[in-house]
Amino acid sequence: MTPGAGSRSCLADRSRVTSLGGNMKRRDFLRMAGAAALASTLPVPMLRAKTMDEFHIAAILAFSGAYGLIGNDMRKGAELAVAQRGGKVLGKPIRFTWEDDETKPQPAVQKASRLLAEGAQMMFGAVGSASTLALQSLSTQRKVPHLVTISADDAITKPGGAPYSFRTSNTLGMEIKMTMEFVKSRGLKKIYAVTADYQATRTGFEQFAEMAKAAGVEIVGNDYAPLGNRDFSVIIDKMARSDADGIAVMATGNDGITFVKQAGQVALGKDKVIFGPVLQDDVFAAATGPAALGVNSGVRYHYSLDNPANKAFVEAYRDAYGVFPSSFAGEAYDGLRWWLDVVEQTDSWDADAWVKAFANSVYETSIEGRKEMRACDHQASQVGLWGEVVKGEAPMPELTMKITEIFPADRLFDAC
């Protein structure tokens with residue numbers, strides 16, 4: 001309830017008593033006021049059991065800052081998913097309200113809270129894991145469904161976690177496992193790392209360091225860089241002077257682009273293998289330029305996957321935007337399409353019915369092949385992709401990710 005809303009409600013009730021000429025008894029007035037106060041505190045889904053005029057999505061993403069490039073591509077994928085179903089679900093028009101969280105949790109919660117107060121039926125986002133976790137807390141408190149299609153922090157999906165929140169994309173844990181498998185397959189023995197000074201990436205580096213130790217791989221150095229860092233020259237100089245044969249970059253978005261660009265200026269990748277869990281995709285490579293060649297990375301999604309659903313998506317995306325979809329556009333499209341299909345199947349406006357159905361759903365027509373929602377932690381079980389930036393051949397982009405390995409889900413996820 002907004003400040004003063006309760007007072008305005010009571011004033012309205014008092015006005016009604018006056019207009020009735022005093023015929024309403026005091027106990028009737030108090031009962032009416034009490035019912036109004038109770039309604040203002042009811043969980044949002046309880047107030048929405050009836051059919052609504054529209055399906056309103058509160059979309060909280062990063063459109064500026066270190067992850068701005070990601071948010072803009074997610075919006076394109078999400079809007080295409082809605083357009084392909086005629087812009088409707090349950091017979092009603094779907095409306096997005098897009099908000100920029102500036103890659104910060106506080107604006108994310110403030111903007112989402114306002115949209116929920118306006119009647120949004122679900123939340124979509126965010127990009128950064130800190131903002132996503134903040135939205136997740138709001139989702140649990142308000143009992144409003146929350147769809148995550150990019151944030152990777154393992155804390156987002158865990159057994160007995162947030163009951164209204166679901167992730168349809170990768171976890172940080174599965175990406176770190178793929179990263180370590182790459183290190184072992186390339187025979188790398190000494191790693192120097194750079195890690196964005198951010199909780200999710202810090203956790204990722206700690207997991208990677210533990211796996212490296214178990215595999216007999218030495219971490220010869222690690223430097224934390226602030227989110228949005230624009231100058232990696234000191235770190236790169238230390239890496240160049242070290243005896244590391246591998247450079248692990250625990251950063252993504254503009255931070256990863258900046259690092260690879262600056263590393264290319266001193267040819268760091270000539271004698272050392274540069275890699276990271278979410279360091280490159282085709283969009284990042286285009287922004288990075290020639291320095292991206294030879295960089296290895298985990299990939300959330302790739303347009304080259306050979307299945308009917310993906311081919312149809314890529315064709316539609318290119319028709320709409322004139323380019324191949326990025327991994328972030330693909331994940332947003334895939335996750336939202338899955339969610340809206342399940343909502344449609346419930347034939348209900350009860351949010352709890354949507355949540356129950358999604359928690360037990362299987363997505364056979366995912367553009368990544370097949371996904372299964374794990375009821376235990378609301379995490380989609382799925383394949384993992386790893387690739388290398390190479391020179392593309394028409395009609396591919398000049399720099400493209402070549403998928404070099406596809407990891408089955410049972411190698412990446414522990415049983416619940």
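1. Axes here are lines fitted to C-alpha atoms, for helices over the stretch in contact, and angles run from 0 to 180 degrees between N-to-C directions. Helices (H or I, at least four residues) and strands (E, at least two) are DSSP runs, numbered from the N terminus.

2. The model is predicted: local features need pLDDT of at least 70, side-chain atom pairs count only at pLDDT 80 or more, and totals for chains, interfaces and linings use all residues. Residues are numbered from 1 along each chain as its sequence is written, and side-chain values use heavy atoms, with hydrogens and water left out.

3. Helix α12 (residues 327-346) packs against helix α13 (residues 351-359) at about 120 degrees, the axes being 9 Å apart. The two are therefore oblique to each other (under 35 degrees is roughly parallel, over 145 roughly antiparallel, 65 to 115 roughly perpendicular, the rest oblique).

4. In that pair, contact (heavy atoms within 4.5 Å) involves Trp 338, Trp 339, Val 342, Val 343 and Thr 346 of α12, and Ala 353, Trp 354, Ala 357 and Phe 358 of α13.

5. An open, mixed sheet has 7 strands in the order β8-β7-β9-β10-β11-β15-β16; strands pair if DSSP finds at least two bridges between them. β8 (218-225) and β16 (399-407) are the edges, each with a single partner strand, so one side of each lacks a neighbour in the sheet. Direction ignored, neighbouring strands are turned by 25 degrees against each other on average.

6. Within the sheet, β11 (residues 296-299) and β15 (residues 384-391) pair in the antiparallel sense over 4 bridges. Val 299 has Leu 385 of β15 as its bridge partner.
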